[in-house]
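This report walks through selected local and core features. Please keep the sequence and the coordinates at hand while reading.

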Amino acid sequence: MSPVLDCSRLPIRLSRTDAAFVAELKARAELFNRELFNSGLPLAKVEFLPSAAVRQLGSVRTNRERSAFVMRIARLLDGPAGDRPVGGSRFNLRDEVLVHELVHVEQFISAPDEAPHGPWFLERMRLIGARPRACPTVQLEVRGKWLYRCPAGHEVTRLRRYGRRRVSCRRCDPQAYNPRHRLRLVGEITSAGGAE
Ligand SMILES: [Zn+2]
Ligand SMILES: [Zn+2]
């Protein structure tokens with residue numbers, strides 16, 4: 001599956017809401033590390049980054065020495081889409097994707113010769129109570145095709161893409177265009193998402 005959005009062209013610039021999302025991911029990862037991984041994951045070596053992807057909800061990369069990891073979690077999951085339940089899992093979608101990537105980190109260290117979504121991985125997911133299937137696919141029920149984010153943190157969908165036109169959030173300022181609530185494009189919404 002090729003990503004819908006060319007993320008490489010988007011500068012990685014952590015806004016206040018991105019920083020809050022990353023802080024939340026780190027806190028959840030630390031909790032899961034204690035509860036599910038017997039504190040065995042080297043989270044201090046994991047860099048968490050929000051991604052603008054809307055199809056690949058999560059990914060994790062490591063270097064040859066497995067001494068550093070970069071985990072990208074779709075910013076989309078910070079919104080209501082992340083609260084959605086996942087069939088066959090005790091986690092919501094946001095936690096499911098995070099746990100999926102944490103199991104990859106564990107596998108990079110403990111079972112590097114096993115296939116990425118092979119029996120070792122599936123058994124770990126099953127034991128943890130996550131969906132055993134390799135890549136969760138979810139239907140994101142949205143009315144609009146384009147996902148925008150308000151600096152206040154909520155998301156809105158629009159049927160059309162605004163391009164360079166400046167549009168602000170009507171919930172925050174119903175009166176007129178307000179640069180403090182300018183909507184920022186997160187990405188194009190497709191019918192399904194997955195985790196790598
Ligand atoms: Zn708003
Ligand atoms: Zn995976």
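In which loop does serine 39 lie? Serine 39 sits in the loop between helix 1 and strand 1. The model is predicted. Asparagine 38 is found in that loop too, between helix 1 and strand 1.

Check the backbone here. Phi of asparagine 38 is near 55°, a positive value in a residue other than glycine. Serine 39 is not a glycine either, and its phi is also positive, near 55°.

Buried or exposed: what is asparagine 38? Asparagine 38 has 8 other C-beta atoms within 10 Å. The cut-off for exposed is 12 or fewer, so asparagine 38 counts as exposed. Serine 39 has 10 other C-beta atoms within 10 Å, so serine 39 is exposed by that cut-off as well.

## The largest nonpolar core

The largest nonpolar core has 36 residues. Those with the most contacts inside it are Ile73, Ala74, Leu76, Leu77, Leu98, Val99 and Leu102. Helix 2 gives the most, with 7 residues. The core also draws at least three residues from each of domain 1 (7-139) and domain 2 (146-195). In soluble globular proteins, nonpolar side chains tend to be buried together.

Now take isoleucine 73. Set aside its neighbours within four places in sequence. Isoleucine 73 is then in contact with Leu25, Phe48, Pro50, Ser51, Gly58, Val97 and Leu98.

## Helix 2

How many residues of helix 2 are buried? The count is 15 of its 18, and helix 2 is mostly covered.

At 1.5 Å a residue, the 18 residues of helix 2 should span 26 Å.

In which sense do strand 5 (residues 146-149) and strand 6 (residues 155-158) pair? The sense is antiparallel, over 4 bridges. Leucine 147 has threonine 157 in strand 6 as its bridge partner.

The hairpin has 5 residues between the strands. There, glycine 153 takes a positive phi near 115°.

Key
Residues numbered from 1 in each chain as written. Chains lettered and ligands numbered in written order. Predicted model: local features only at pLDDT ≥ 70, side-chain atom pairs only at ≥ 80, totals over all residues. Pairing = 2+ DSSP bridges. Helix = DSSP H or I, 4+ residues; strand = E, 2+ residues; numbered from the N terminus. Core = buried A, V, L, I, M, F, W, Y, C linked by C-beta atoms within 7 Å. Buried ≥ 20, exposed ≤ 12 C-beta atoms within 10 Å, placed from the backbone. Domains from an automatic or database assignment. Contact = placed C-beta atoms within 7 Å. Expected span 1.5 Å × (residues − 1).
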